Each structure stands twice: as C-alpha cells, then as structure tokens.
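Subject: Structure handover, with notes on what was found

Dear colleague,

Please find below the structure that I am handing over to you. My notes on it follow directly after.

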Amino acid sequence: MRLSFEDFFSIFALSYHCSVFRRNKEMKSFATQKVSFGEKVGYSMGDAAANLVFQMMMIFQLKFYTDVFGLDGAVAGSILMIGSLSAIVVDPLVGILSDRTKTRWGKFRPWVLWTAIPFCIFYMLAFYNPGIEEKGMVATYATISYVLLMTVYSFNNIPYTSLGGVMTSDIRERTSITTIRFILVTIAQFVVQGLTLPLVNQLGGGDQPRGWTATVMLYSAVALILFGVTFFSTKERIQPPPAQKVNIKKDIKDTVSNISWNSMALLTFALFITLAMWGSAMNFYFQHNVDQRSLYEFLTFFGLSIDQEQAYSAGFSVFNMMGAVVQFLGVICLSRYLANRYGKKNTFVVCLSLTAFFTALFYIPSPTDVSLLFVLNFLRSLAYAPTIPLLWAMIGDVADHIEYESHRRATGFCFSGIVLALKLGLGFGGAIAGIIISMFGYVSGDVFVQNDSALEGIRLVSSIIPAILFAIGVVALHFYPITKEYNENMQAELAARRRISNHN
C-alpha cells in the first residue's frame, strides 16, 4: 500500500493533536489534582481531633486553673503565656524537621501518627488535678504539663496543617478541603463548648476534678482514633522542586521576608489572641455578669428542664452550641460561595470587620438582658463563619507564593511560623484575660459573687478589647497581596514549572 503526501500529512496532524491532547490532559491533571471526598473527610478528622484539645485549651484552661487549681488569675495567665513562648523554639524546629522528613508515607503524614498517643497523654495530664495543696507546687505542675502539651501540639499540628498544603495545588479543591475540614472542626467545637460542663457534672457526680479527668479521657480516646483515620486516608501530592537542595538559612529568609507570610502571621496572632481571650472571658461572663434568675427563665421558656443552680453551666453550653450551629451552617452555605465569587481576601476583610463590630456590642447588655446576648452571639457567629476555613486555605496559598517568588518550597517551615503565631496568640489571649480580671479584683476559687470592679474587667475582655484586636487582623489583611486573580495566575505558573521539572 502506497501513502500519498496527504496521507502522511494527516497521520502527522493526528499524531500532533494526540500529543497535544495528552500534554494538555497531563497539565490539567497536574494543575487540578482532584481529591476524593473520602480523603477530604479523612484529612478533616485530624483537625476535629486536634480541636477536642484546642477548644478545651481556649475556652476552659484559664478557668480550670483559677477555679479548680485555685490559682490567681495573673498566675494562671502567666502559665498560659509561658507555654506559648516555649513554641518560639519548638515550632521552627518542627517545621525544619518535617520539611526534611523522608519516609514511604511522605514528609508530614507520619508525624500525625507518631504523635497521636503522646498528644492524648499530655492532654489528660494538663487537666488532671494531682491534689497538691501548696499553690507554688500546683503552679509548677500546671506549667510543666501545659508546656508538654503545647510542645506535642506543635509536633502534631504543624505537620498536619502542612499536609493540607501538599494534598493539592488546585485553588477550588483547597477551599473545598478546608470547608469540609472546618465543618468537622465546628462539630468538635459544638461537642467541647456545648457538652463539656454537663459531662463534667455528670461524670464527676459532684466531684469537679474527677469530672474533668473523666471528660478529658473520653475526648482523648476519640481523638486517638481520628488521628489514625487521617494518617491512613490521606496522600501527599506536591513535592519540592527536584533540584532543590537543603538550605535552612535560605528557607528561613525566603519565608520571613515574604509579605504574604508576614500578613498571615500577624492576622493569625491577632485572631487567636482574640478567640482565646473572648472564649475564656465569656465563661466568666456567664457565671458572674449574667443574672442567673434571668438566665434560668430564658432557658426554661424554650423548654429546657433544669434547676436554677444549673443555669450557668446550661446557659453557657447552650450559648456555645448555638454559636457552633450557626458557624456550621455559615461554613457550609457561605464560605465556599463567597470565596469563589469575591475571593478569599475580600471575604475575610468584610466578615472580620463585622465580627469586630458585633463583638464590641457585647459591652452593652445588662445582666438581665439575656435575649440580647443570644442575638449578638447569632450575628457574631454568622459574620465570623465564612472566615473559618479560609484562614488555612490562604496559608496554603502563602506556601505557594513563597515557592513562586523564591523557586524553593518549604511548606513545613511556612506553616510552623503560622502555628507559632497561633500558639502565641492562644497563650497571650488567655494571659491577657487572666491578668486583666486579676487587676480588676477577680477572686479565684469556687467564688460565685464578684465585686463590681471584677465584673467590669470581665465585660471589657468580653467585648471592647477583643474587638480592637479583631480590627488589627483587618489591617493585616490589607497587606496580603494574593487576590483571586493573582492566585489564579500564580497557580498556572507553578503548574507549568512543576510539569517541566517532572519531565526533566
């Protein structure tokens, strides 16, 4: 059979188009890197596990130290600050170690599994009352156990958050992963903030220390299982450029000099100072600033059958559960839609500004104005909800931005710096709350009635002061350069670079 020139040309054209199709398919597959729903849920379970710990630290640790250990508010706050300051040494080390970990399971996944048991053990120790009478020894025990918990938190959570940055480079997939992640986080928040005080009362049978121990043991067992699911269900897809050599000094320089990283570090610091302060303060607020009779009548009006003595624990639990439900619905219905339509940055700026405004309004309600408290909580939770999954999706974009500018990838170190900012915020927020209420005359221990000055201090750390700190976060976002259009162009460029590197 003889072939004409036209036949040769047709064969050549067909081969060329097939080659282009395959190359485009490879580029599309590499750029999108789709993640299955099951893997997204499996990854998200790791943060649900961490939040069974984190939410306890943020909401109940300060009050546990003051009311169960009987420590002065300033002393309790100082312990929280010491624990967070220890992260200055630990967190960068964890980032460097995880970036240089090489196993058949990847760089970051193994750390989630290796640290699961120590994490749960130190969690139980931090909420265990050893029965020591001398307050100096109690403070020493609290400091050591809290520092150990914060340390193992770093070894677990920095690799975990870094794992989310290497599962995919697809912008929409990242938003989807973080949306599912924070749906599960909100469920963990609902459990911890809503059920902890009832569980402490139920499992303790009137013995508060025993109730706290039993409750934390229950949370630890669940967390251990969830960490295992995360390890076995996830996969790392993004690798550093093949030619990249180990250079710790350059990784540090590229990260800390990056404007997007600095912006997110300041935002995270401001956010978690505020969340820790407000979460701790509202616990005191419901016990001391809210009129218990009015709270009891409000709860029974909605059909809750309780004794008046349970008004504080039941009211604070319902308050938290309502906030968690609103945030849950806000994450599902608003976060992804707003981020895809307006971009992550614009959505965050508007929603955080509204959150600051509604937080400041908590200064207004009188002790008997319980309904206004719940209305403000609804509005604040709805405003804050869309930002919850966006924070970590934006930090994943920051890791890409550093690679985009420096041609080097140091995901672990990038995330370790952000987690350090988070932990410093957590410690400083709890410390500031403890120091302020102590300065205003708060009396530690199982004391139900506080003086007017102490009540004013609690009001301030529940409203005006956290609102100002939220506003600092809004300012930090204005320096964040990664807009929606910028991100799309950056991801296209990175995908092209990675394809060329892989073919070479």
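Let me begin with Ser44, which, once residues up to four places away in sequence are set aside, touches Tyr160, Ile177, Ile180, Arg181 and Leu184, where contact means heavy atoms within 4.5 Å. Ser44 lies in helix 2, helices (H or I, at least four residues) and strands (E, at least two) being DSSP runs that are numbered from the N terminus. With 0% relative accessibility, Ser44 counts as buried; buried means under 20% relative accessible area, exposed over 50%, and partly exposed in between, with a 1.4 Å probe and protein chains only. From C-alpha to C-alpha, Ser44 and Thr178 are 7.8 Å apart in space, although they are 134 residues apart in sequence.

Before going further, please note that this is a predicted model, in which local features need pLDDT of at least 70 and side-chain atom pairs count only at pLDDT 80 or more, while totals for chains, interfaces and linings use all residues. Residues are numbered from 1 along each chain as its sequence is written, and side-chain values use heavy atoms, with hydrogens and water left out.

As to the chain overall, its secondary structure comes to 21 helices and 0 strands. The radius of gyration of the chain is 25 Å, close to the 23 Å that the globule rule gives for 504 residues, so the chain is as compact as a globular protein of that length; the radius is taken over C-alpha atoms, and the rule is 2.2 Å times the number of residues to the power 0.38. The C-alpha trace spans about 100 × 45 × 40 Å along its principal axes, and buried residues make up 57% of the 504 residues. Of the contacts between residues at least 6 apart in sequence, 84% join residues at least 24 apart. The accessible surface of the chain comes to about 20800 Å², of which 67% belongs to carbon and sulfur atoms, as given by the Shrake-Rupley method with a 1.4 Å probe, where for residues only the protein chains shown count as cover.

On a 1 Å grid over the protein atoms alone, a cavity is a set of points where a 1.4 Å probe fits but cannot get out, whereas a pocket is an open set with protein on both sides within 12 Å along at least five of seven lines, and lining residues have an atom within 4 Å of a point. Grid points are joined across faces, edges and corners, and a volume is the space filled by probe spheres set on the points.

By this rule there are 3 cavities of 30 Å³ or more. The largest cavity has a volume of about 500 Å³, and of the 35 residues that line it, Gln55, Met58, Gln189, Leu275 and Tyr384 are the closest to its centre. Helix 2, helix 8, helix 9, helix 12, helix 14, helix 16 and helix 17 each give two or more residues to this lining, which divides into 19 nonpolar, 13 polar and 3 charged residues; here Ala, Val, Leu, Ile, Met, Phe, Trp, Tyr, Cys and Pro count as nonpolar, Asp, Glu, Lys and Arg as charged, and the others, Gly among them, as polar.

The second largest cavity has a volume of about 70 Å³, and its lining includes Tyr43, Thr178, Arg181 and Trp392. Helix 9 gives the most to this lining, with 4 residues.

The second largest pocket, with a volume of about 410 Å³, is lined by 25 residues, of which Ile171, Arg172, Lys484, Asn487 and Glu488 lie nearest its centre. Helix 21 supplies the largest share of that lining, 6 residues. Lys484 is also in contact with Gly343, a residue of the loop between helix 14 and helix 15, and the two C-alpha atoms are 4.9 Å apart.

Helix 21 also holds Leu494, which counts as buried at 0% relative accessibility and, leaving aside neighbours within four places in sequence, is in contact with Asp400, Glu403 and Tyr404.

Finally, His407, in the loop between helix 17 and helix 18, has a positive phi of about 60 degrees although it is not a glycine. Most residues other than glycine have a negative phi.

With best wishes
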